[in-house]
Amino acid sequence: MAMLHIIRTSAFTSKVLEQCLSMCLSDDSILLMDDGCYNLNHALLLEAHAKQSTITVYFISLHASARAKKNTNDAFNAITLTEVLALVFQHDNSITWS
């Protein structure tokens, strides 16, 4: 069962990313939105993705741009707000980390 993990908080101010990554399974996906976009270049996410590259990482491009964050990992997928709903329905369950 694929899970969508929605991260809305920066790992620089909380342990949300660390907790999420400890729960992710190989067929899960991560969506970074709001302040979660600060995690785009966070070492924890980059290391976890390198070890478990089957986890798909998405981020809302508008939210990342508003925070002046640029994607440096070609494996991370930029999506729009309208694509979020479709992403939720592509997974069996979702959990929001905030």
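Buried here means under 20% relative accessible area, and exposed means over 50%. All views show a predicted model.

**View 1. Helix α1 and its buried face.** Helix α1 spans residues 16–23, and its buried residues are Val-16, Leu-17, Cys-20 and Leu-21. Seen down the axis of α1, these buried residues fall within an arc of 125°, so they line one face of the helix. An α-helix has 3.6 residues a turn, so residues three or four places apart point the same way. Ser-22 and Met-23, on the other side of α1, are exposed.

**View 2**

**View 3. Strand β3 and its pairing with β2.** Strand β3 covers residues 56–60; 4 of its 5 residues are buried, so the strand is largely enclosed by the rest of the structure. β3 pairs with β2 in the parallel sense, over 4 bridges. Among the residues involved, Ser-29 has Thr-56 of β3 as its bridge partner. The path from β2 through α2 to β3 makes a right-handed β-α-β unit.

**View 4. Strand β3 and its pairing with β4.** Strand β4 (residues 77–79) runs parallel to β3, and 3 bridges join the two. Here Ile-60 has Ile-79 of β4 as its bridge partner. Helix α3 (residues 61–66) belongs to this part of the chain: β3, α3 and β4 make a right-handed β-α-β unit.

View 5. A disulfide is a covalent bond between the sulfur atoms of two cysteines. With a cut-off of 2.5 Å between cysteine sulfur atoms, the count of disulfides in the model comes to 0. For Cys-24, the closest cysteine sulfur is that of Cys-20, and at 4.0 Å the two are too far apart for a bond. Cys-24 has 7% relative accessibility and therefore counts as buried. Cys-20 is also one of the buried residues of α1.

**View 6. Cys-37.** Cys-37 is in no disulfide, and its nearest cysteine sulfur, that of Cys-20, is 14 Å away. Cys-37 is buried, since its relative accessible area is 0%.

Note on methods:
Residues numbered from 1 in each chain as written. Predicted model: local features only at pLDDT ≥ 70, side-chain atom pairs only at ≥ 80, totals over all residues. Heavy atoms only, no water. Buried < 20%, exposed > 50% of the residue type's maximum accessible area, 1.4 Å probe, protein only. Arc of directions from axis to C-beta. Pairing = 2+ DSSP bridges. Right-handed = clockwise from strand over helix to strand, strands pointing away.
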